[in-house]
Amino acid sequence: MSSRMETKSYMVQMNGNGVCGKTTVNGKTLNENGVNRNGVHGNGVHHVNIKGALYPIKSKSRRQRWEVKPSEMANNTLNPIRAIVDGMKLTPNPEKPMIALSIGDPTVFGNLPTDGAVLQAMKDAIDSQKYNGYAPSVGYLQSRQAVANFYSCPEAPLEAEDVILTSGCSQAIDLAISVLCNPGDNILVPCPGFSLYKTLAVSMGIEVKLYNLLPEKSWEVDLQHMESLIDERTSCLIITNPSNPCGSVFNKKHLQEILKVASRHCVPILADEIYSDMVFPGCSSPSMASLSSDVPILSCGGLAKRWLVPGWRMGWILIHDRDDIFGTEIRQGLVKLSQRILGACSIVQGALEQILDSTPQSFYNNTIGFLKSNSEICFSELSSVPGLNPVMPSGAMYIMIGIDMDHFPDFKNDVDFTERLVTEQSVFCLPASVRRHHLSSHC
């Protein structure tokens with residue numbers, strides 16, 4: 001048999017009993033029972049010849065009609081904010097320009113541009129033509145080392161191997177939840193809190209337990225409530241500091257109290273620190289990792305907020321594990337999960353070291369000063385309105401306003417209030433219906 005014949009495949013003609021009559025399979029003859037002289041069975045099975053070897057292929061049943069359905073993950077994926085907003089009746093006042101205060105994008109109004117040094121770093125990366133190809137799934141080593149150098153401190157040292165670069169902070173959060181949790185586990189999430197945590201967790205079959213933040217204590221964690229929610233299936237505690245959407249900043253003492261709870265119950269922490277260092281003058285808030293003596297922490301951050309470039313999609317996970325509790329397994333898990341897609345934009349990675357090294361302190365100071373002055377204006381003006389009770393923020397880009405419904409008998413809830421605000425004034429804020437009687441707005 002020629003080499004060309006050996007690579008050819010032959011179809012077995014079948015009737016309801018298997019193989020009918022004498023049929024040739026790879027040049028050999030089958031008898032009426034579907035068995036050739038070499039003992040190769042043909043009953044309901046195709047055989048193909050690949051380079052001289054016989055491989056059986058089971059016959060497949062044919063679907064009678066089209067039936068293409070979305071996956072369980074797709075069905076379970078829901079953005080709570082979109083679910084609320086899409087159901088609202090939003091018709092702006094045509095006589096007033098729309099003021100959208102509902103999205104955490106500092107670039108929307110054009111009054112918070114990034115620094116020239118940040119733009120120059122990107123231009124240099126493009127001009128070098130070194131970063132047009134695929135980067136490693138966890139990021140370029142040099143870029144990871146730059147992030148490690150920027151955030152490393154004696155209390156929480158970092159090396160390049162402790163950094164994974166991601167496509168924005170949202171992917172960092174996704175990877176962190178994915179590596180720590182299995183379906184049926186539960187995670188503890190702040191309330192009010194960032195809706196993405198629930199969106200990601202529920203789509204993976206992970207239960208979300210909401211622990212309360214206390215508006216009368218500038219949105220500190222209700223530690224007793226948080227601790228009461230922990231059980232043997234709690235795989236992760238999420239701490240958002242500075243806070244989206246509350247604008248709160250936890251002090252050192254409060255962070256240490258949170259760490260004590262996590263330590264007592266041996267629960268790792270996912271620290272969402274995308275607003276790290278965006279803290280108003282007079283306040284201070286160290287990273288959670290710098291205060292931890294034993295609790296392992298995955299800290300998620302990125303360029304989006306502090307450098308005012310959310311569309312560049314550059315985030316990172318900082319792995320803090322001084323007692324080797326995560327060990328190699330969690331680290332390898334993060335590497336494997338990062339290989340599902342090819343990670344962060346290579347051009348931004350190429351600019352990352354220059355961005356972190358060259359951005360002047362004056363840029364950070366000016367951004368913080370601008371946000372603080374705006375928050376003071378918002379707080380002052382809103383405080384003068386009967387029935388509105390704003391909570392003065394200490395950082396980030398948000399302010400939460402309590403609504404005393406006794407002063408607004410025509411409104412059923414915060415969604416109704418928000419709809420009327422758009423209809424009458426063309427001002428759109430987000431109703432924080434996850435925590436009743438509170439309305440969230442950007443300052």
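The UniProt record, an unreviewed entry, annotates Lys-305 as a modified residue, N6-(pyridoxal phosphate)lysine, and in the present model, which is predicted, this lysine is placed in the loop between β14 (297-302) and β15 (315-320). With a relative accessible area of 13%, Lys-305 is buried, since the cut-off for that class is under 20%. Leaving out residues up to four places away in sequence, Lys-305 touches Gly-104, Ile-274, Tyr-275, Met-278, Met-397 and Tyr-398. For Gly-104 a polar approach is also found, as the backbone oxygen of this glycine lies 2.4 Å from a polar atom of the Lys-305 side chain.

Tyr-398, one of the residues touched by Lys-305, belongs to strand β17 (residues 398-403), which is largely enclosed by the rest of the structure because six of its six residues are buried. In a regular strand the side chains alternate between the two faces of the sheet. Both faces of β17 are covered, with Tyr-398, Met-400 and Gly-402 buried on one side and Ile-399, Ile-401 and Ile-403 buried on the other. Strand β17 pairs with strand β16 (residues 388-391) in the antiparallel sense over four bridges, and within this pairing Val-391 stands opposite Met-400. Six residues lie between the two strands of the hairpin, where Ala-396 takes a positive phi near 60°.

The largest nonpolar core comprises 71 residues, and those with the most contacts inside it are Ile-177, Ile-187, Leu-298, Leu-303, Trp-307, Trp-316 and Leu-334. Helix α6 (residues 168-180) supplies the largest share of this core, namely eight residues, while at least three residues are drawn from each of domain 1 (80-108 + 361-435) and domain 2 (116-358). When residues up to four places away in sequence are not counted, Leu-303 touches Leu-308, Val-309, Met-314, Trp-316, Val-348, Leu-352 and Ile-355.

Beyond its neighbours within four places in sequence, Thr-240 is in contact with Pro-190, Tyr-197, Phe-250 and Asp-272. Of these, Tyr-197 is joined to Thr-240 through a polar contact of 2.7 Å between the two side chains.

Technical notes: Residues numbered from 1 in each chain as written. Predicted model: local features only at pLDDT ≥ 70, side-chain atom pairs only at ≥ 80, totals over all residues. Heavy atoms only, no water. Core = buried A, V, L, I, M, F, W, Y, C linked by side-chain atoms within 4.5 Å. Buried < 20%, exposed > 50% of the residue type's maximum accessible area, 1.4 Å probe, protein only. Domains from an automatic or database assignment. Contact = heavy atoms within 4.5 Å. Polar contact = N/O pair within 3.5 Å; in protein donor to acceptor, adjacent residues only side chain to side chain. Pairing = 2+ DSSP bridges. UniProt positions renumbered as here; feature names shortened; annotations may be inferred.
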